[in-house]
Amino acid sequence: MRKLVFVLILLMLISIPVNADREAITDYKAHKVAEQYINLCEYEKARMAHDWLIKNVKYGFTDNCYTAYGALVEGEAVCQGYALAYREILLHLGIPCNVYIGIAGDGLHAWNLITVNGIGCFVDVTWDDKDDGKVYYDWFMLTVIRDHYAIATLY
């Protein structure tokens with residue numbers, strides 16, 4: 001079962017076309033978001049990037065929903081788009097960030113592992129975004145993440 005899921009994930013990632021213009025626009029948008037928080041401590045940078053995504057991205061399926069472009073530019077993404085966008089913003093803030101793909105809840109899911117002040121912590125921005133206008137921290141800066149089973153790391 002895990003091999004099948006892994007193959008499906010790889011096929012999904014391979015099928016996403018790379019567009020240089022979109023990559024440049026995504027990088028620019030991530031930079032513009034990050035520059036607001038550049039003078040904060042690492043923890044606050046990670047929290048503010050998390051909060052920005054929750055306030056500016058709606059969970060939904062579009063042509064670019066699996067990409068950072070979908071989240072940062074179009075404002076709509078699924079878990080992979082949230083996780084990739086979070087990574088883009090944090091890299092501009094100098095915070096190491098990986099994207100994990102695996103199983104959570106009843107299906108495939110993506111989330112992040114970040115390093116803040118030398119400590120690795122999990123962040124699931126998607127599950128903290130309940131699309132009700134509030135910011136939640138149930139899945140922010142966890143040293144152990146429950147109900148998430150990694151299959152692959154994208155970065």
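This is a predicted model: local features need pLDDT of at least 70, side-chain atom pairs count only at pLDDT 80 or more; totals for chains, interfaces and linings use all residues.
**An antiparallel sheet and the helices packed on it**

The structure contains an open sheet of 4 strands in the order S5-S4-S3-S6, with antiparallel pairing; strands here are DSSP runs of E with at least two residues, helices are runs of H or I with at least four, and both are numbered from the N terminus. Two strands count as paired if DSSP finds at least two bridges between them. S5 and strand S6 (148-153) stand at the edges with a single partner strand each, so one side of each has no neighbour in the sheet. Neighbouring strands are turned against each other by 40 degrees on average, direction ignored; axes are lines fitted to C-alpha atoms, for helices over the stretch in contact, and angles run from 0 to 180 degrees between N-to-C directions.

Residues are numbered from 1 along each chain as its sequence is written, and side-chain values use heavy atoms, with hydrogens and water left out.

The protein chain has 6 helices and 6 strands, which follow one another along the sequence as α-α-α-β-α-β-α-β-β-β-α-β. Of its 155 residues, 45% are buried, where buried means under 20% relative accessible area, exposed over 50%, and partly exposed in between (1.4 Å probe, protein chains only). The chain exposes about 8,100 Å², of which carbon and sulfur atoms supply 55%; accessible areas come from the Shrake-Rupley method with a 1.4 Å probe, and for residues only the protein chains shown count as cover. Among contacts (heavy atoms within 4.5 Å) between residues at least 6 apart in sequence, 52% join residues at least 24 apart.

Within the sheet, S3 and S4 are paired in the antiparallel sense over 8 bridges, and Tyr-100 stands opposite Trp-111 in S4. On its other pairing, S3 is joined to S6 by 5 bridges, again antiparallel, with Tyr-149 in S6 as the bridge partner of Ile-103. Strand S3 is largely enclosed by the rest of the structure, because 6 of its 8 residues are buried. Strand S4 (residues 107-116) also pairs with strand S5 (residues 119-123), antiparallel and over 5 bridges. Along this pair, Leu-113 faces Phe-122 and Thr-115 stands opposite Gly-120.

In the loop between S4 and S5, Asn-117 has a phi near 55 degrees, a positive value in a residue other than glycine; Asn-117 is exposed, with a relative accessible area of 56%. Asp-147 likewise has a positive phi, of about 65 degrees, without being a glycine. Asp-147 lies in the loop between helix H6 (125-128) and S6 and is partly exposed at 43% relative accessibility.

H3 packs on it by touching S4 and S5, and its direction makes about 155 degrees with that of S4. H5 lies across S3, S4 and S5, running at about 15 degrees to S4.

The largest nonpolar core has 35 residues, and those with the most contacts inside it are Ala-46, Leu-53, Leu-72, Tyr-86, Ile-89, Leu-90 and Ile-114. Such a core is a set of buried Ala, Val, Leu, Ile, Met, Phe, Trp, Tyr and Cys residues joined through side-chain atoms within 4.5 Å. Helices H2 (20-35), H3 (42-56), H4 (68-74) and H5 (79-92), together with strands S3 (97-104), S4 and S5, each supply at least two of its residues. H5 gives the most, with 8 residues. Another core, of 7 residues, lies apart from it and includes Leu-113, Trp-139, Leu-142 and Ile-145. Not counting residues up to four places away in sequence, Ile-114 touches residues including Ala-46, Tyr-86, Leu-90, Cys-121 and Met-141.

With a disulfide taken as a pair of cysteine sulfur atoms within 2.5 Å, the count comes to 0. The sulfur of Cys-65 is 9.1 Å from the closest cysteine sulfur, in Cys-79, which is too far for a bond. Cys-65 is buried at 1% relative accessibility, and Cys-121 is buried with a relative accessible area of 6%.
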